[in-house]
Amino acid sequence: MNILWKYQHPDWVFKSHGGTLPQAYAANLVSRDINAIMKTWDWDTIIWKKVRQLVFNLQKRIYKAAKSGRYKKAKSLMYLLQNATCGALLAVRKVTTDNTGKRTAGIDFKKAKTPKQKMALVKDVLDTIRTGWDKYKPLPTKRIMIPKANGKLRPLGIPTIKDRAMQASTKLAMEPYYEAKFESCRYGFRPGMGCHDAVDKIAGTLLKKQKWILDADIKGFFDNIDHDFLALQIDTHWRPIVKQWLKAGYMFNKELHRTDTGTPQGGTISPLLANIALDQMETDLIKHLRNIKGWKIKIGNASVSHVVNKKNKKTYKLRKNLKIDVVRYADDFVVIHEDKEVIEESKIFIEQWLLTRGLTLSQEKTKIVHSTDGFDFLGHHIRHYKNLLAGTYKLKLLNGSKIEQKRANATHVLRVEPTKDKIKGHWREVSDTIWKLKSVTPARLIKIVQPMITGWANYYKTVHSSEAFGKRDQLLYKRLYQWAQRRHPRKGKRWIAKKYFGYHNGRRWMFMDEKAGKFLKPYGKHKERTGSYARVGFDRSFYDGDSAYWAERYCSGYGNITPSKAKMLKKQNGICPVCNTNLTNEDLLETHHIVHRARGGEDKYSNLVLIHRHCHDKIHKDDKNLNNHGNNQPDDESTNDWANHVWGFSS
């Protein structure tokens, strides 16, 4: 019988068993899963390509069933995914291998670092799920305080490793179901989406006309969500366990504290629960405003239209007739409309709407502003400035294309640029780091400082950041020259400039380590054309089954990845060459040298591939085992042939 039979007929499994798996069938299901994805109960023999394929196929079916209103079938598939071995395996891998906090233990001080410990955790998760939730009781989280950008402290709750695995397993089943219900105006904590999508949506809304904005922030968002309201939004099957996670409490300073409200920041399932709590904000707001007498024309219609792109002939969705826009990222959101009266009424309604969820607006951060005054959103300052174009340049635009003529005749121009606080805070961090590393080599300095510059520059590279980048480059050169001058107080300026600065990749005065062949890439080298970022399409979801769309989007650099990784992704067609599965923005990606540097490999694209972190760990583990048994990889003469045979890339 086909191994995938159970995934094609999930309704039969639950039709006559009240939503629970019979013991005999559950045992058969386990054996089939093992045969499909691993030889024995051994972590190192798991076929992760098969695991991901089985899980994602079920998630796509859950999404499509929920999207089409077949909720009974969607829930049957959700039960099946959570009971399947592949779901537990992937959940455990996420919290023990892929997660950056995998080495942080909860209050029980337990970790799962070795293959045996990970497999034991998988069995524990499956036993808990299949025998029923009655015997499972989550432990309190361990609370630690981390500093915020404004100097205050943010509470972070760390569940135990088993609770994290249980939450990850539940999230795998629940997320596609709720993705089908979520509004398109939310971009935070959703797979395949990020901050840039939200910022670009706001910029696109304000590009043609000046409008009024409700710039709002929810006070203590994660700490104050009402448990009773949130529980009512969860399906009855998962409601009891979700309530247990919410009521588990936390340990701080060796004291146990109750949690009567809120969901812990740091929990695997907390972002999903937060999105569920704020769902339908836009829908309810539009409905309320349209019910006000005489406001239907002012608000417009929320109906969805299908438009065909003339260039690529593709069909996409949009809402042509809606005149109000809501954009939300986590607890930050904006409401945009050209009438101030509408914005004031929106604020009153949202305040009442949030009260039923136990939430309130922050009076300090919430304000009503006009786009000509500007506002801050996710580290960006968005504002309409007066158009100061004049002289021969304006005449040139007036004689140009229609777009250039509109730009010349516009009374205001929209600018999206980094906020002053973010610029100052970032530069203070970079400057202090350079000054502290007085005794390191130039190569070591480049290795530490470059990620700081690259991460910040990539975040702002597609907005109006040329001025900020240019000024940072000037300050960076001065700080690096001071660093070099301190190392050689008796040398002249020409000698220092020749030793530490050179020409590279079309740019002069690049800080370098000539012996190591390392250059520091400045801010300006990261800049891309303003407005080149393309936000995710309306009503799209990572689970909609359009793998080509999401692979192309990811390979183009959408999803907060660096340009170098995007280039490698495009070269690999978005596929990991080790496990032959698609790379997504939820994966932890690492760059691997096809020919190791210890064997003469170079830091060139021809010798680099982008792979999963767990695939990278497995490669080096296997390579170490081969070396320990005296079965090393080929020497220099046959290294290139070996690399071509294994990876399919020429080195």
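**Close-up views of the predicted model**

View 1. Asparagine 505 is exposed, its relative accessible area being 56% (exposed means over 50% relative accessible area, buried under 20%, and partly exposed in between, with a 1.4 Å probe and protein chains only). The model is predicted, so that local features need pLDDT of at least 70 and side-chain atom pairs count only at pLDDT 80 or more, while totals for chains, interfaces and linings use all residues. Residues are numbered from 1 along each chain as its sequence is written, and side-chain values use heavy atoms, with hydrogens and water left out. The loop that holds asparagine 505 lies between strand S14 (501-504) and strand S15 (507-513); helices (H or I, at least four residues) and strands (E, at least two) are DSSP runs numbered from the N terminus. Asparagine 505 has a phi near 55°, a positive value in a residue other than glycine.

**View 2. Tryptophan 509 in strand S15.** Strand S15 contains tryptophan 509. For tryptophan 509, a residue other than glycine, phi is positive, near 55°.

**View 3. The open sheet S11-S12-S13.** Three strands, in the order S11-S12-S13, make up an open sheet with antiparallel pairing (two strands pair if DSSP finds at least two bridges between them). Strand S11 (375-377) and strand S13 (412-418) are at the edges with a single partner strand each, so one side of each has no neighbour in the sheet. On average, neighbouring strands of this sheet are turned by 30° against each other, direction ignored; axes are lines fitted to C-alpha atoms, for helices over the stretch in contact, and angles run from 0 to 180 degrees between N-to-C directions.

**View 4. The pairing of S12 with S13.** Strand S12 (residues 380-386) runs antiparallel to S13 and is joined to it by seven bridges. Lysine 386 has histidine 412 of S13 as its bridge partner.

**View 5. Nonpolar cores.** The largest nonpolar core comprises 139 residues, and Leu89 and Phe377 have the most contacts inside it. A nonpolar core is a set of buried Ala, Val, Leu, Ile, Met, Phe, Trp, Tyr and Cys residues joined through side-chain atoms within 4.5 Å. Apart from this core lies another, of 15 residues, including Cys555, Cys576, Cys579 and Val609.

**View 6. Surroundings of leucine 89.** Neighbours within four places in sequence aside, leucine 89 is in contact with residues including Ile37, Trp43, Trp48, Met119 and Val122 (contact means heavy atoms within 4.5 Å).
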